[in-house]
Amino acid sequence: MRKLIDQISMQQSRIVDLEVKGLQRRMDKIQTPVAAVVIMACNRADYLERTIKSILKYQNAVASKYPLFVSQDGSDPQVREKALSYDQLTHMQHLDSKPVQTERPGELIAYYKIARHYKWALDKLFHEYKFSRVIILEDDMEIAPDFFDYFEAAAALMEKDKTIMAVSSWNDNGQKQFVHDPEILYRSDFFPGLGWMLTKSTWNELSPKWPKAYWDDWLRLQENHKGRQFIRPEVCRTYNFGEHGSSLGQFFRQYLEPIKLNDVQVDWKSKDLSYLMEDEYIKHFAEILKNAKPINGADAVLKASNVQGDVRVHYKDQPDFERIARQFGVFQEWKDGVPRTAYKGVVVFRYPPPRRVFLVGPKSFELLGIKSV
């Protein structure tokens, strides 16, 4: 009897050992995810469905590399039901009953709730689920066909260059009339947001001091980005269709509705992106800028239209920049001394495509190491 028990025990041990080894082999075949993808949602079930469908269209083929989550803020039953109706994603629910105290009268409570939700969701994904990178989307976005390949290529770049704080799929001046080449990427001193990826090490730095509200503008402050930069495309990899939301449709018709969503399948795996490394990029960008023809005086738009090739227009200060930007129709906004999309004070866009226009700041040549040309 004892011998029989010993034999059975040995057989069971071998079976368990084989199962463990088989499981390990299967685990070895599973790729380490490039990044978790999280859709930040609240109370727009119809928008959420449109966003999920857009993502699944391209995510199904790369699901093991990009696990999909919906993070719901609040208890809207339709949003919860919609998220739970998809087997391809994980639903997380943020229930926060703590009252909101705004810091200034007249502020929207929504911006405080959004900041709380972001911190909760990113803490959960980085610390509980232990992802090394997270791509943040909102529940009013559609993505481009090469969205995931773009972020995979960008992730490799981030590993090599720690001066890249985040990678965005968005260009604030990405309207149809200002873009041309879907393969061109830029460095920027201005955080674009609207579909962006950050690493766990960066989140570990930001999480303890995360703001109570207006988290995106907070990220644009020098004290938080500390001179690090952001990668952005010329042609957007996300399209924001959210006319109705916490910003109450602000700027939607002028800036968001005309955005060009990339519709070309760029083969990012074959692209050499080393020109975006900090040491290379400053030389690369300076060379392009030097070759642009200078335009002086008033009527910059008319003059730019009559010149062959790239042009550059110098501005003296913020009011001067706003005047010139208004003429072309690009974003005039600054945050903490940096115009939207700018690199070393230079804002670049196409006008008309494919000609590039560079709006050049008073210190841009000095920052780029360019002697007067």
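Modeller: Happy to! A helix here is a DSSP run of H or I with at least four residues, and helices are numbered from the N terminus. Leu-206, for instance, lies in helix α6, which covers residues 200-206. Do keep in mind that this is a predicted model.

Colleague: Thanks! Is Leu-206 buried or exposed, and why?

Modeller: Leu-206 is buried, because its relative accessible area is 1% and the cut-off for buried is under 20%.

Colleague: Which residues does Leu-206 touch?

Modeller: Leaving aside residues up to four places away in sequence, Leu-206 touches Met-165, Leu-198, Trp-218, Leu-219 and Asn-224.

Colleague: And how many Å separate the C-alpha atoms of Leu-206 and Pro-294?

Modeller: The separation is 41 Å, for two residues that are 88 residues apart along the chain.

Colleague: Let me zoom out. How many helices and strands does the chain have?

Modeller: There are 13 helices and 16 strands. The C-alpha atoms fill a box of roughly 100 × 50 × 35 Å along the principal axes. Of the chain's 373 residues, 49% count as buried.

Colleague: What about contacts between residues 24 or more positions apart?

Modeller: Those make up 72% of the chain's contacts that have a separation of 6 or more.

Colleague: Back to helices. At what angle do α2 and α3 pack?

Modeller: Helix α2 (residues 45-59) and helix α3 (residues 77-84) pack at about 20 degrees, and their axes are 9 Å apart. The angle makes α2 roughly parallel to α3, since angles under 35 degrees count that way. Their crossing is right-handed.

Colleague: Which residues meet there?

Modeller: From α2 you have Ala-45, Leu-48 and Glu-49, and they meet Gln-78, Val-79, Lys-82 and Ala-83 of α3. Sorted by class, this contact has four nonpolar, one polar and two charged residues.

Colleague: Which residues of α2 are buried?

Modeller: Ala-45 and Leu-48 are among them, along with Tyr-47, Thr-51, Ile-52, Ser-54, Ile-55, Leu-56 and Gln-59.

Colleague: What span should α2 have, and how far apart are its end C-alpha atoms?

Modeller: At 1.5 Å a residue, the 15 residues of α2 should span 21 Å, and the end C-alpha atoms are 20 Å apart, so the two agree. Helix α5 (residues 147-160) passes that check as well: its 14 residues should span 20 Å, and its ends are 21 Å apart. Buried residues of α5 include Phe-147, Phe-148, Tyr-150 and Phe-151.

Colleague: Where is the peptide bond from Tyr-351 to Pro-352, cis or trans, and what is its omega?

Modeller: That bond is cis, with omega near -20 degrees. Pro-352 sits in the loop between β15 (347-350) and β16 (356-360). Pro-353 and Pro-354 are joined by a cis bond too, with omega about 5 degrees, and Pro-354 is in the loop between β15 and β16.

Colleague: And is phi of Leu-194 positive or negative?

Modeller: Phi of Leu-194 is positive, near 50 degrees, and Leu-194 is in the loop between β7 (185-188) and β8 (196-199). Lys-344 has a positive phi near 55 degrees, and its place is the loop between β14 (338-339) and β15.

Notes. Residues are numbered from 1 along each chain as its sequence is written. This is a predicted model: local features need pLDDT of at least 70, side-chain atom pairs count only at pLDDT 80 or more; totals for chains, interfaces and linings use all residues. Side-chain values use heavy atoms; hydrogens and water are left out. Helices (H or I, at least four residues) and strands (E, at least two) are DSSP runs, numbered from the N terminus. The expected span of a helix is 1.5 Å times one less than its number of residues. Buried means under 20% relative accessible area, exposed over 50%, partly exposed in between (1.4 Å probe, protein chains only). Axes are lines fitted to C-alpha atoms, for helices over the stretch in contact, and angles run from 0 to 180 degrees between N-to-C directions. Angles under 35 degrees count as roughly parallel, over 145 as roughly antiparallel, 65 to 115 as roughly perpendicular and the rest as oblique. A crossing is left-handed if the near helix is turned anticlockwise from the far one by less than a right angle, and right-handed if clockwise. Contact means heavy atoms within 4.5 Å. Ala, Val, Leu, Ile, Met, Phe, Trp, Tyr, Cys and Pro count as nonpolar, Asp, Glu, Lys and Arg as charged, and the others, Gly among them, as polar.
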